[in-house]
Amino acid sequence: MSTRYLILSGATLVLLSCEEPKPKAVRFEVEATAAAPQDPLPGMVEGETRPVAVLVPDVGAAVRFVANELVLAADSAEAIDAAAVRLGAEVRALLDPVTTQLTGLKYLGLLRLQAPPADAASLADATVRLAAKDGAQPTGRYRVTSEPGLRLLALAAAEAEAGAAVAINWVLEGAAIPTNTQEAPTVDRGLSSDAYLWPHLGVATPQRFGVAEAWSLLHRAGKLGNRVRLAVLDSGFSDLAAPQQDIGVATALSVFPWHSAWGSNLGSCGSGDCPWHGQNVASTAMARVDDGFGGAGSAGPVAEPVLINTTYDYFTAISAVLNARAQGARVINMSFGASIPTIVAWTIYPFEATTALIRASGTLLFAAAGNSGENVDAEDCFAGICWESSWHTPCENNGVICVGGLGYNATVLDPGSNYGEEHVDVYGPYHVLVGPDPEHLANEARLVSGTSFSSPFAAGVAALVWAADPTLPASTVEEAVTRVTQAS
């Protein structure tokens with residue numbers, strides 16, 4: 001149902017010289033002003049906060065992380081406890097294969113600690129050695145906005161070199177265009193209230209996704225009773241009457257025991273606010289159809305909504321994925337992400353191992369490609385050896401279907417969407433119509449933009465395929481959603 005289009009970005013200029021240049025050394029520095037001051041994240045108990053630092057590479061996107069937490073993967077809870085004692089850390093949360101009912105999952109502990117003093121040069125040397133194990137030769141300067149943040153990176157690198165499966169608790173970002181830059185706060189561009197005529201839903205439009213026609217076919221075949229559990233992992237879900245009316249009855253959970261599943265966004269969308277990001281993402285995938293109200297989600301007639309409130313940090317994202325699977329979700333959407341520099345890409349592996357296991361268990365995972373207009377597969381090269389310059393997580397995680405976005409009512413890539421021939425698997429609409437949220441309570445459909453909405457649109461399409469035949473294996477559904485058609 002979905003169509004992927006190959007976009008050619010132009011020629012590459014190669015400069016040749018008679019003498020091969022030497023790679024620049026990797027250098028880490030503490031520079032408090034390298035990024036804007038960061039608000040702390042909420043903690044695992046009410047009233048607790050977690051400090052945030054920023055890693056700022058000279059080339060590539062800055063990425064936030066919790067400055068006093070590490071994620072550790074081990075074979076047992078006892079090994080997590082022993083590591084905590086050795087590091088002088090406190091185990092703040094634990095995920096295990098028994099509770100999550102996911103065979104093969106490592107024990108994952110969230111450790112809170114104050115890292116010991118660190119030497120920036122030693123950190124640089126360690127990260128270069130770790131990157132070399134994957135064939136990468138990263139270079140350049142990396143600024144960290146706090147001393148505790150640099151100490152934590154150094155500790156993580158030392159633990160990784162000693163053989164531990166350790167990760168930084170990266171803070172991911174919602175992949176929406178922030179609400180303060182949204183277009184058209186009403187039913188936009190004079191569109192009809194008939195969703196069959198909306199650019200991203202109808203078949204008689206340039207994008208030709210044909211989702212609305214799929215609803216008709218399912219109705220004629222008597223398949224609309226086949227409900228599919230679809231989970232949106234996000235933050236910013238509303239329990240007010242109008243937004244609830246748009247989505248319908250949902251299972252709503254929070255990864256924070258002290259915090260309701262409902263409430264404004266605990267995370268952010270880059271440098272902008274997106275207080276009801278989760279509500280709009282859920283509307284894209286699951287807004288009820290033909291009810292005279294709000295939006296119309298791609299899986300609106302068949303989705304059984306599961307809403308899981310999470311911040312966008314790495315550990316709670318893992319928790320939310322496991323919670324979604326435990327709730328029986330066959331489709332999971334993650335409209336957030338971060339670009340992790342290659343120099344510290346080794347910290348992604350516990351998250352990637354989790355998404356791979358979830359996919360192997362028969363659940364489909366979708367993630368937003370991001371809104372930087374960049375190639376997620378872009379490479380750095382030296383002396384004939386090439387490696388990806390950064391790792392976009394969870395978009396590029398093993399087991400995840402990464403979704404980019406097409407321009408408004410168009411079959412070409414939207415300039416804001418990330419792309420990539422290897423890791424961006426399919427393209428959905430970058431601009432969609434959504435229903436009410438607490439800032440827009442009127443019965444209107446508003447245009448919102450970003451791959452945050454491309455991803456749940458595609459996830460909803462997967463739910464439609466499963467509704468047509470609930471016995472299909474996940475691989476067949478994935479192939480149906482990501483089947484490639486070349487643009488003319």
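Strand β14 (residues 331–334) and strand β16 (residues 364–368) run alongside each other as a parallel pair joined over 4 bridges; pairing requires that DSSP find at least two bridges between two strands. Within this pair, M334 has A367 of β16 as its bridge partner. Strands (E, at least two residues) and helices (H or I, at least four) are DSSP runs numbered from the N terminus. The model is predicted, with local features needing pLDDT of at least 70 and side-chain atom pairs counting only at pLDDT 80 or more, while totals for chains, interfaces and linings use all residues. Residues are numbered from 1 along each chain as its sequence is written, and side-chain values use heavy atoms, leaving out hydrogens and water.

The pair belongs to an open, parallel sheet of 7 strands, ordered β12-β13-β11-β14-β16-β20-β21. Because β12 (251–254) and β21 (426–429) at the edges each have a single partner strand, one side of each is left without a neighbour in the sheet. From one strand to the next, the twist averages 25°.

Helix α10 (residues 451–468) packs on this sheet, touching β11 (228–234), β14, β16, β20 (400–406) and β21, where contact means heavy atoms within 4.5 Å. The direction of α10 makes about 160° with that of β16; such angles run from 0 to 180 degrees between N-to-C directions, with axes fitted to C-alpha atoms, for helices over the stretch in contact.

In α5, V211, A214, W215 and L218 meet F457, V461, L464, A467 and A468 of α10.
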